[in-house]
Amino acid sequence: MNRVVVTGLGIYSCLGQNLEDVRDALYAGKSGIVVDQERKDFGYRSGLTGTVPRPELKGKLDRRARINLPEQGEYAYMSTTEAMRTAGIDAGYFVDNEVGIIFGNDSSAQPVIEAIDIIRAKKDTTLLGSGSIFQTMNSTVTMNLATIFPLKGINLTLSAACASGSHSIGMGYLMIKSGLQDMILCGGAQEINKYAMGNFDALSAFSIREDAPAQASRPFDRDRDGLVPSGGAATVILESLESAQRRGARIYGEVVGYGFSSNGGHISNPTVEGPVRALAKSLADAGLQAADIDYINAHATSTPAGDASEARAIAEIFGAYGTPVSSTKSMTGHECWMAGASEIVYSMLMMEHGFVAPNINFENPDADSAKLNIISKATETTIDTFLSNSFGFGGTNSSLIIKKWKHQ
Amino acid sequence: MEAPVKTKAEVISTINEFLSEEFEVDIDTIQPDANLNTTLGLDSLDYIDLVVMTESNFGFKVKPEDFPGIKTFNDFYQYIFAKIGLLDD
């Protein structure tokens with residue numbers, strides 16, 4: 001079995017569009033949440049959202065590549081180019097080496113809706129142009145990035161709701177561990193536009209604390225009233241230890257555990273038992289005990305039921321050890337398909353720079369969160385091993401464990 | 001009120017501008033006898049976008065079978081002139 005290490009990181013999020021800015025924002029406890037009036041005008045119950053600028057790609061990508069890329073693909077291109085820089089590789093590396101891509105993505109709403117609007121109005125599919133099909137498919141991110149870079153290994157998109165990004169890293173880890181690939185670009189991407197989240201808003205799942213956007217996402221807090229949607233992209237380059245050492249790469253950490261489970265229950269109501277199984281499996285895979293985990297990046301999205309359920313699951317396994325816990329969604333909002341990957345990047349930054357980012361807006365615990373050691377202020381500490389949770393609709397659960405790399 | 005009829009020179013100017021902008025080539029490379037495909041660097045997908053641009057700019061329906069006979073920019077101009085009823089000067 002190969003050991004699997006992280007050799008590249010990239011981030012394009014509402015906290016910043018590069019690793020340095022995001023590190024600083026995490027330490028400062030900065031919120032990336034705004035109120036989008038366009039959503040209100042469009043009929044949303046809540047206009048709260050994370051926001052990122054659309055990157056200017058003219059001059060970076062040719063016309064064909066740009067025509068085929070939807071919004072979240074642009075973000076993924078940006079985070080992946082940063083990850084490649086940190087990994088010390090360029091596109092030439094992909095010509096001579098079989099490198100794969102597995103990204104989490106679970107929608108591409110805007111291109112779909114805009115295409116259908118054109119067909120309805122013009123009664124002529126030709127007028128969609130050539131890029132529409134490549135923007136609308138769920139695999140749009142991987143099909144585009146695999147063409148742009150160009151990649152010759154595993155090439156697929158993983159859709160698992162809000163655990164998509166986490167499972168993409170888990171699956172990449174398994175493929176490298178088993179010797180099927182030496183390097184995989186893993187990650188997650190999430191569109192941010194008024195079409196993407198209307199049906200999620202329809203469930204009354206979003207916070208309506210619009211008078212105080214920075215306080216709206218408050219995971220584990222007693223007075224939380226729902227999540228805040230967000231997006232962007234994150235890239236985590238996984239590589240076999242042998243490959244990384246052969247090319248003298250900088251190693252950020254080692255993926256040592258991946259646990260997954262399905263609740264086998266309600267499509268949107270969480271359970272405690274399902275996440276507990278994923279947590280336990282990740283620890284078993286890593287050969288670690290609960291006491292070995294120095295920090296938990298919780299999935300906690302700021303919904304009443306979800307956070308309570310996760311708090312109980314974490315308490316069941318880690319309650320006796322006072323393991324520091326925070327949800328970076330308090331700052332970013334819920335980055336959905338991207339979240340499992342971005343939260344690995346956030347946690348890697350904390351591990352590298354020796355701090356736990358705060359769970360901002362955690363002012364009063366409820367009965368469940370009172371059982372956890374939730375970190376509400378940035379805390380300087382050593383993290384040698386962290387665990388990151390991601391859960392999604394349909395009861396899909398993923399837990400990843402990553403250890404700091406120490407020269408061995 | 002009908003739109004004023006454009007001259008051939010005006011139509012050519014319109015075509016050259018949208019081709020240059022869309023396919024990101026220097027407008028000076030677009031010459032009547034130059035090869036349309038190689039000058040613009042068109043692949044099979046780009047012809048779909050050429051159809052969209054043509055229909056959007058001139059308001060007539062392009063048939064896929066119209067394009068294979070078009071080799072040069074001048075062929076393209078003549079095709080447009082015929083479709084929009086611009087007769088020889």
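**The serine and its helix**

Modeller: B:Ser44 sits in helix H3 of chain B, residues 44–58 (helices, H or I, are DSSP runs of at least four residues and strands, E, of at least two, numbered from the N terminus). Keep in mind that this is a predicted model: local features need pLDDT of at least 70, side-chain atom pairs count only at pLDDT 80 or more, and totals for chains, interfaces and linings use all residues. Residues are numbered from 1 along each chain as its sequence is written, and chains are lettered from A and ligands numbered from 1 in the order in which they are written.

Biologist: What does UniProt list for B:Ser44?

Modeller: The unreviewed entry gives "modified residue: O-(pantetheine 4'-phosphoryl)serine". Such annotations may be inferred rather than shown by experiment; positions use the numbering here and feature names are shortened.

Biologist: Is B:Ser44 buried or exposed?

Modeller: Exposed, because it has 7 other C-beta atoms within 10 Å. The cut-offs are 12 or fewer for exposed, 20 or more for buried and partly exposed in between, with C-beta atoms placed from the backbone.

Biologist: Switching to chain A, which domains does the assignment give?

Modeller: Domain 1 (4–246) and domain 2 (256–404), with bounds from an automatic or database domain assignment. Their contact takes 61 residues from domain 1 of chain A and 58 residues from domain 2 of chain A, counting C-beta atoms, placed from the backbone, within 7 Å.

Biologist: Which element gives the most on the domain 1 side?

Modeller: H9(A), with nine residues.

Conventions
Contact = placed C-beta atoms within 7 Å.
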